[in-house]
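Take a look at the structure below. The paragraphs after it go from the whole chain down to its contacts.

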Amino acid sequence: MRIVHYINQFFAGVGGEDAAGTPPSRTDGAVGPGRRLATLLGDDHEVVATVSCGDDHATSAAGAIDEIVSLIRAEQPDLVVAGPAFTSGRYGLACARVAAALVAEGVPAVAAMHDENPGVEEAGAAVVVRSGAVAREMGPSIDRLAAAVARLLAGETVGEADGRIGKVPRRNVLVEKPAAERAVDLVLARLGGDRSATEVPLPRFDPVTPAAPVDDLSKTMVALVTEGALVPDENPDRLESARATKWLRYRIQDRDSLPAGEFRSVHGGFSTVWANEDPHRIVPLDVARELEREGLIGGLHDEYLVTVGNGTSVADARRFGVEWAADLRRSGARAAILTAT
Amino acid sequence: MSIASRVGAPRIVPTKGIPYPAGDPSVGTNEERAWRRRLLERALEAVCTPVSKPTVFEVEAA
């Protein structure tokens with residue numbers, strides 16, 4: 001069987017963060033972690049090509065996923081493997097989106113990443129297999145991935161026992177006890193000191209590693225971002241007032257201010273009277289421009305990024321965060337002020 | 001602010017209220033603008049400061 005492997009710029013040996021903007025490219029055969037994968041899969045299967053792309057490019061350049069998918073499709077693979085992406089958010093999103101797009105076209109695809117990678121939620125109908133948290137765990141991660149790939153190539157299914165995570169297709173099963181009895185059992189378990197027993201796991205907040213401090217503000221491009229739902233008055237892109245599924249960008253390059261009447265907040269979670277009286281209460285462009293002119297900051301990013309933080313799911317918020325970071329990095333911004341309502 | 005700490009935001013500058021994170025409608029226009037300036041200056045100090053966990057950067061009274 002023909003297998004194509006998708007990896008990022010780092011594992012392809014192109015470079016680290018400095019090469020995160022690298023566009024997609026293909027190489028014959030297996031590269032980096034794909035070599036071990038190829039060995040484990042044996043002689044019946046061949047990793048015919050490796051497609052790689054820089055993480056920033058893959059997650060924030062328009063059309064990047066389509067471009068990656070068409071490079072992969074040209075190899076006529078029987079199955080596509082993406083990752084392992086560990087806990088790398090951008091890499092995980094790229095693997096998940098590539099795999100999801102291929103499965104939607106009828107090409108079987110498997111992505112591998114850690115449970116807490118935001119990509120898990122983005123993989124659509126593609127199979128996601130658990131990997132370790134960091135690249136140090138490459139060995140066991142590749143072993144598990146290769147085993148899952150071998151099962152799929154043999155026409156078998158991959159389930160939780162094989163390390164499948166994310167949207168495992170639901171199957172009806174018959175349980176012994178009705179819901180009311182199970183609920184009482186859980187209450188009793190909790191009273192007995194078991195704090196973790198549940199049938200409905202709640203979303204978890206990841207630990208966030210703080211960015212390194214900025215060295216020299218006067219040479220740093222700063223971005224303004226907000227979840228305060230400030231948009232042009234007509235809300236041309238239809239930002240939701242709650243449960244955001246998207247984020248937007250608006251140009252402020254040629255503006256020194258955001259006048260009332262031209263911008264307004266469509267946030268549905270608080271009274272927007274004050275925001276609409278003076279939009280700078282949400283996006284402080286007036287003062288930021290002043291700081292730029294005085295040379296305190298090296299520059300102000302040409303756009304502000306905006307979504308609405310109101311009942312937003314943790315999974316969507318995590319995705320917005322990863323996309324914002326990639327987008328800002330690509331445009332040269334090295335610090336951001338996020339006004340939160 | 002407590003939410004920001006709990007979800008792990010590394011650098012936090014407390015503001016006057018949810019509906020106006022970069023303003024303060026209870027004071028006059030000039031005073032509000034001065035407050036906004038202090039907020040942004042404090043936020044910029046925060047991004048220049050190493051932190052290892054959620055850290056609050058209060059704006060000192062004028």
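How far apart do the C-alpha centres of domain 1 of chain A and domain 2 of chain A lie? They lie 33 Å apart. Domain 1 of chain A covers 2-165, and domain 2 covers 217-339. These bounds come from an automatic or database domain assignment.

A word on the source. This is a predicted model, where local features need pLDDT of at least 70, side-chain atom pairs count only at pLDDT 80 or more, and totals for chains, interfaces and linings use all residues. Residues are numbered from 1 along each chain as its sequence is written, while chains are lettered from A and ligands numbered from 1 in the order in which they are written.

Now chain A as a whole. Its C-alpha atoms fill a box of roughly 65 × 60 × 35 Å along the principal axes. Chain A has nine helices and 14 strands. Both are DSSP runs, numbered from the N terminus: helices are H or I with at least four residues, strands are E with at least two. Of its 341 residues, 42% count as buried (20 or more other C-beta atoms within 10 Å of the residue's own, with C-beta atoms placed from the backbone).

Next, the two domains. Their C-alpha centres are 33 Å apart, and the contact between them takes twelve residues from domain 1 of chain A and nine residues from domain 2 of chain A. Two residues are in contact if their C-beta atoms, placed from the backbone, lie within 7 Å. On the domain 1 side, α2 (55-60) and α4 (89-104) of chain A each supply at least two residues. The largest share, four residues, comes from α2(A). By class, this side has three nonpolar, four polar and five charged residues. Here Ala, Val, Leu, Ile, Met, Phe, Trp, Tyr, Cys and Pro count as nonpolar, Asp, Glu, Lys and Arg as charged, and the others, Gly among them, as polar.

How does α4(A) pack against α9(A), residues 314-331? The angle is about 110°, and the axes are 9 Å apart. The two helices are therefore roughly perpendicular to each other (angles of 65 to 115 degrees). A:Gly89, A:Arg90 and A:Leu93 of α4(A) meet A:Arg319, A:Val322 and A:Ala326 of α9(A).

Finally, chain B. The contact takes 24 residues from chain B and 28 residues from chain A. On the chain B side, α1 (2-7) and α2 (29-47) each give two or more residues. The largest share, seven residues, comes from α2(B). That side divides into 16 nonpolar, four polar and four charged residues.

Definitions and conventions
Axes are lines fitted to C-alpha atoms, for helices over the stretch in contact, and angles run from 0 to 180 degrees between N-to-C directions. Angles under 35 degrees count as roughly parallel, over 145 as roughly antiparallel, 65 to 115 as roughly perpendicular and the rest as oblique. A residue is buried if 20 or more other C-beta atoms lie within 10 Å of its own, exposed if 12 or fewer, and partly exposed in between; C-beta atoms are placed from the backbone.
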